[in-house]
Amino acid sequence: MASPLRSLVYDDSRYQKAFHLFLECSSEHQCMQDFIHKILPEILAGIGDGKSHLNVIGVGSGDVLLAQKSDLDYITFNWNKMTSAEFEDQWKSKQTPKKADFIHMIQMLYYVKDVEATIRFFQSLLDKHGKLLIILVSGESGWGKLWKTFRTQLCMCEISQCVTTADVKSFLDSEKLKYKSYALPSQMDITECFTEGDEKGELLLDFLTETDHFSRTASPQLKADVLKLLRDPACSLESNGRVIFNNTLEVIIVDATT
Ligand code: HSM
């Protein structure tokens with residue numbers, strides 16, 4: 001029988017609402033900013049091999065925040081408003097010999113059809129000493145536990161949606177690609193998810209399960225099982241009456257092939 005559950009990605013306005021609430025309730029952006037300011041500069045020090053200009057590709061980057069920045073006029077931006085698969089086709093058809101010094105894919109691999117092909121393609125664009133940065137939720141996070149347990153019920157659309165850094169690392173190991181990884185501890189307050197009918201809790205639950213109106217459309221059994229796991233120490237800690245979900249992210253830095 002077809003599942004009554006519909007992926008949240010098909011309702012963009014609800015997805016945006018849930019995503020913004022998730023950002024308010026989590027330290028997701030803070031932990032990435034700390035990494036970018038404190039650790040990334042040292043990692044990037046060796047790229048470019050003495051060149052005066054660096055070619056950077058941001059896969060999945062948006063242009064909205066750029067309008068608020070006034071100090072970036074030494075950078076030339078070319079925007080490609082297309083999916084990464086379309087970008088790949090376009091790149092291949094142009095047979096461009098250009099290589100990239102740094103490529104970043106921040107929280108975007110959930111939205112591609114083929115994670116391995118996407119990594120393989122972008123890694124192949126790296127110039128000598130170039131680096132590819134991937135950020136996703138860690139396989140050790142609450143997300144990893146949730147998706148391992150309910151993958152068949154919750155990850156039901158054509159995109160990769162439930163991918164974690166554990167999947168990426170096992171692919172990189174199988175391809176014998178060299179990489180380093182860095183855990184970024186992060187939390188998300190999911191207390192309201194356990195109050196029946198709470199609007200905020202229901203939106204957060206949609207974000208966690210990637211499901212449109214999960215509370216209303218999931219079977220009572222699935223809902224009870226998901227809520228039980230979300231509260232389990234495998235996923236969350238309870239502190240001062242709040243339920244704090246493990247939202248740990250992980251950064252993977254892949255080297256160019258020598
Ligand atoms: N689909 C959203 C996965 C995610 N989790 C992003 C944390 N950040």
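What share of the contacts in the protein chain with a separation of 6 or more is between residues 24 or more positions apart? I find 78%, counting two residues as in contact if their C-beta atoms, placed from the backbone, lie within 7 Å.

I note that this is a predicted model, in which local features need pLDDT of at least 70 and side-chain atom pairs count only at pLDDT 80 or more, while totals for chains, interfaces and linings use all residues. Residues are numbered from 1 along each chain as its sequence is written.

**Overall fold.** I count ten helices and eight strands in the protein chain; these are DSSP runs numbered from the N terminus (helices H or I, at least four residues; strands E, at least two). The radius of gyration, taken over C-alpha atoms, is 19 Å, close to the 18 Å from the globule rule for 258 residues, so the chain is as compact as a globular protein of that length. The rule is 2.2 Å times the number of residues to the power 0.38. Along the principal axes, the C-alpha atoms fill a box of roughly 60 × 45 × 40 Å. Buried residues make up 28% of the 258 (buried: 20 or more other C-beta atoms within 10 Å of the residue's own, C-beta atoms being placed from the backbone).

**Five-stranded sheet.** I read the order of this open sheet as β1-β2-β3-β8-β4, with mixed pairing; two strands pair if DSSP finds at least two bridges between them. Its edge strands are β1 (56–58) and β4 (179–184), each pairing on one side only. β4 pairs with β8 (residues 249–255) in the antiparallel sense over six bridges, and V254 in β8 is the bridge partner of Y179. Helix α7 (residues 165–174) packs on the sheet, touching β3, β4 and β8, and its direction makes about 20 degrees with that of β8. I took angles from 0 to 180 degrees between N-to-C directions, with axes as lines fitted to C-alpha atoms, for helices over the stretch in contact. Helix α5 (residues 115–124) lies across β2 (100–106), β3 (126–137) and β8, at about 150 degrees to β3.

**Three-stranded sheet.** I find a second open sheet, β5-β7-β6, with antiparallel pairing. β6 and β7 (residues 242–246) pair over four bridges, and E238 stands opposite V243 in β7.

**Ligand site.** Around the ligand I list E28, Q107, Y110, V137, W143, E210 and N247, each with its C-beta atom, placed from the backbone, within 6 Å of the ligand. The shell divides into three nonpolar, two polar and two charged residues.

Key
Ala, Val, Leu, Ile, Met, Phe, Trp, Tyr, Cys and Pro count as nonpolar, Asp, Glu, Lys and Arg as charged, and the others, Gly among them, as polar. A residue is buried if 20 or more other C-beta atoms lie within 10 Å of its own, exposed if 12 or fewer, and partly exposed in between; C-beta atoms are placed from the backbone.
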